[in-house]
Amino acid sequence: MFSTALKFMRYDRAKSIGIIIGIVISIFLIGQQFGVLGFLTGMMGGLVDNSREDIGQIWVVDNITQNANELAKIDEGIAREIRSIDGVANTYPVVVANASVKFITGKTGSVILVGSEAPLFIAGPKQGVINDGALMQLNEEGAVTADYYDEATFNTTLAVGSRLEINGKEAFIKVQTKNARSFSGALMYTSLSKARYYGGFPENKISAVAVQVKPGYNIKNVSDNINKTIYGVRAWDAQVLKSETISYITVSSNIGTSVGSLVVFAIISGFFIIGLTLYSSALDRIKDYGTLKAIGATNGYVRKLILTQSFLFSIIGYILAYILLELFRVGMENVGMVFHYSVLQLFAMFLITIFISVGGSLFAIKKINGVEPASVFRG
């Protein structure tokens, strides 16, 4: 069966190449959208994702907050109140403040200061995103972080040791991160006191409380206890807050609709382009299929032959598309668009490839099923 299918594919190389190219283009466009969406959602949940979620399993924020990138001010005393709740091991106040920066080159911009207490720096940056410098250097006077990929945004170097001004006050980059970014803007991490100092943040206010849960306690149960006990705030499992933030921004900004529509368009266009090409190829070889029927091949055999061809097309097309997507991913990473394809996304793209190719072959199958064996002997 496979050898016969390969012979049919080689017989009309031009159309075979066209089918494969159609599959590659469709899957590449779909993968490209998955990549863009992955990059954007990674930034949406960046504030939580870059934190020490292994310690601060719960985030307590204002009770109307649904987006971790838009935190309202809450009383600092809440951090002390939460410590008295059963299941809470410790609490860590977090300050998130907007600020203006000016570099020695004269370039200016806006940043988001994220401050938490040493030595844990619970709000981040976590060790995995530190590119240069040591986390404890954030204890030094005027010390802040800057992200490697924000160099293009600010059009200036953000190397360790660089001097800058934050809201008119002198500061120094002591730690460089890589891909520690947020959907709302460039992040600069520092200590709790310096975030207040540079951001003009009130001394008795904070943006959130990161809560460490005692071993053996359920995170949801502790969150529920906090919500029942303390008025005006809401406790979130850190992972749930990140997911809710991504969902909220994706829906409110119509990013999900935009990406989804492009994926659907790529699937539909690929389905019909490949289907019509296979149909045209079947018409060109209708005498060959008629000959097979004349020598005893059943409609079932012919269907399997066409489906085998379409399956082989899908395998070849998927492999080529995957190679191109990996080249696209590496190229985008070099310019700061960092994302990775999950196993689920790769599997989804494979299923889409099968659907486009095998589903498109139904046009040809329908035509060939109606071919009479005797037609091959007619003039």
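F34 is part of helix α2, which covers residues 13–44. The model described here is predicted. F34 has a relative accessible area of 16%; because this value is under 20%, the residue counts as buried.

Setting aside residues up to four places away in sequence, F34 makes contact with V263, Y341, Q345 and M349. A separation of 9.8 Å lies between the C-alpha atoms of F34 and S342, although 308 residues part the two along the chain.

## Helix α12

Helix α12 comprises 18 residues, 343–360.

Several residues of α12 are buried, among them L346, I352, I354 and I356. M349, one of the residues touched by F34, is also buried.

## Aromatic rings

The model contains seven aromatic pairs. Y148 counts as partly exposed, at 35% relative accessibility, whereas Y149 is buried, at 10%.

One aromatic cluster is formed by F28, F328, F339 and Y341. Y341 is also among the contacts of F34.

## Charges over rings

The ring of Y148 has the charged end of K178 over it, 4.9 Å from the ring centre. R234 is placed over the face of W236, and here the distance to the ring centre is 3.9 Å.

Methods. Residues numbered from 1 in each chain as written. Predicted model: local features only at pLDDT ≥ 70, side-chain atom pairs only at ≥ 80, totals over all residues. Heavy atoms only, no water. Helix = DSSP H or I, 4+ residues; strand = E, 2+ residues; numbered from the N terminus. Buried < 20%, exposed > 50% of the residue type's maximum accessible area, 1.4 Å probe, protein only. Contact = heavy atoms within 4.5 Å. Expected span 1.5 Å × (residues − 1). Phe/Tyr/Trp six-rings, centres within 6.5 Å; stacked < 30°, edge-to-face > 60°. Lys NZ or Arg CZ within 6 Å of the ring centre and 35° of its normal.
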